[in-house]
Amino acid sequence: MMYEGVVYRPPSEANSLIVQVTIGCSHNGCSFCGMYKEKKFRIRDLEDIIADLEQAKLDYGVVKRIFLADGDALVLETSKLELILLKIKELFPLCQRVGIYATTNDILTKSLEELRQLKDLGVGILYLGVESGSNEILKSINKGVTAKMMIMAGCKVKESGIKLSTTLISGIGGRGKISENAIESAKLISAINPDYVGFLTLMLEPGTPIYDDIQKGVFHVLTPEQIMLELREFLQNVKVTNCIFRSNHASNYMALSGTLPGDKNKLLEDINFALSGKHKYRQEEYRRL
């Protein structure tokens with residue numbers, strides 16, 4: 001397998017075969033993200049993608065999960081994705097799931113029938129970076145979409161039968177928008193009712209606009225306590241059914257996991273315990289600067 005540049009994947013795809021079908025991200029403009037800044041976006045030639053899959057068959061034999069990278073593989077035309085997925089079925093008949101990063105615009109561009117077709121061909125989960133439910137915050141980070149658009153996209157994925165994993169970022173609104181980020185994000189997630197919702201904590205990448213704003217004193221990073229308060233307010237307001245919740249990424253100050261709504265009270269108890277000072281979660285307030 002030949003990879004171009006640094007390759008990123010969701011934590012749940014740690015044991016998956018990763019195949020690049022795009023290089024970089026078609027949007028690549030979010031102010032907090034430095035993942036694809038060194039790549040110029042393009043869609044790889046189908047022949048090269050097929051060659052990678054055939055080489056993986058020789059190298060690994062049985063593969064049970066595959067993740068299609070880079071930033072938004074769903075941007076491919078459905079006909080091209082179909083050929084890739086059919087090749088996966090041919091080479092890896094025991095593959096249980098194909099996962100894909102997807103942007104809101106990618107999802108909205110596809111019809112419901114196309115999404116259902118992709119599900120029938122093996123796509124089992126789409127990963128949608130929501131970041132925040134606040135339109136003001138989304139605009140400030142140059143997300144390029146609105147909360148309404150993300151709700152429409154998320155609900156379309158749910159209707160198609162493909163599992164939907166959403167990601168939010170603690171602290172993305174800075175110290176002045178703790179409640180706004182928590183409450184508006186809770187509203188958005190409640191409207192979508194995804195299968196998974198995960199929280200990352202804002203990580204600062206030198207060279208990104210948000211990093212520069214911090215250096216200028218325009219943006220103020222949340223303290224660990226404020227991060228926990230924001231997360232608590234989100235949990236108090238979110239209303240979902242049978243949604244797996246995770247806040248156990250390496251960026252998080254405290255590992256939390258459960259299923260909502262059943263584990264909501266326990267999660268809130270854990271946060272309150274941490275805020276009481278009895279739990280030794282990571283205290284280094286500016287460790288990313």
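Trainee: Which residue follows H8 with a positive phi?
Mentor: First, this is a predicted model in which local features need pLDDT of at least 70, side-chain atom pairs count only at pLDDT 80 or more, and totals for chains, interfaces and linings use all residues. Residues are numbered from 1 along each chain as its sequence is written, and side-chain values use heavy atoms, with hydrogens and water left out. Helices (H or I, at least four residues) and strands (E, at least two) are DSSP runs, numbered from the N terminus. With a phi near 80°, the residue that follows H8 is glycine 217.

Trainee: What's the volume of the second largest pocket?
Mentor: A pocket here is an open set of points on a 1 Å grid over the protein atoms alone, where a 1.4 Å probe fits and protein lies on both sides within 12 Å along at least five of seven lines. Grid points are joined across faces, edges and corners, and a volume is the space filled by probe spheres set on the points. For the second largest pocket, that comes to about 180 Å³.

Trainee: And which helices give two or more residues to its lining?
Mentor: Lining residues have an atom within 4 Å of a point. There are 17 for the second largest pocket, and those closest to its centre are Ser140, Ile172, Gly173, Gly174 and Phe219. The elements that supply two or more residues are helix H5 (135-140) and helix H8 (209-216).

Trainee: Over to H10: how far does it reach from its first C-alpha to its last?
Mentor: The expected span of a helix is 1.5 Å times one less than its number of residues. H10 (residues 264-275) has 12 residues, and 16 Å is expected. The reach in the model is close to that, at 17 Å.

Trainee: Why are the buried residues of H10 on the same side?
Mentor: Lys264, Leu267, Leu268, Ile271 and Ala274 are the buried ones in H10. They end up on the same side of H10 because the arc they cover around the axis is only 120°.

Trainee: Which exposed residues does H10 carry on the face turned away from its buried side?
Mentor: Start with the cover, where contact means heavy atoms within 4.5 Å. Helix H9 (224-237), strand S9 (243-247) and strand S10 (256-260) are among what covers the buried residues of H10. Turned away from that buried side, the face carries Asn265 and Glu269.

Trainee: Which residue is joined to leucine 260 by a cis peptide bond?
Mentor: Look at the loop between S10 and H10, which holds proline 261. Omega is about 10° for this bond, and leucine 260's partner is proline 261.

Trainee: What is omega for the cis peptide bond between alanine 69 and aspartate 70?
Mentor: Aspartate 70 sits in the loop between strand S4 (65-69) and helix H2 (78-91). The cis bond joining alanine 69 to aspartate 70 has an omega of about 5°.

Trainee: Is asparagine 142 buried or partly exposed?
Mentor: Asparagine 142 lies in the loop between H5 and helix H6 (147-160). Though not a glycine, asparagine 142 has a positive phi of about 60°. Its relative accessible area is 40%, so asparagine 142 is partly exposed.

Trainee: Last one: which residues does isoleucine 43 touch?
Mentor: Isoleucine 43 lies in strand S3 and counts as partly exposed at 36% relative accessibility. Its C-alpha is 9.8 Å from that of cysteine 25, 18 residues away along the chain. Leaving out residues up to four places away in sequence, isoleucine 43 touches Val21, Thr22, Val75, Leu76 and Lys80.

Terms used: Buried means under 20% relative accessible area, exposed over 50%, partly exposed in between (1.4 Å probe, protein chains only). The arc is that of the directions from the helix axis to the C-beta atoms.
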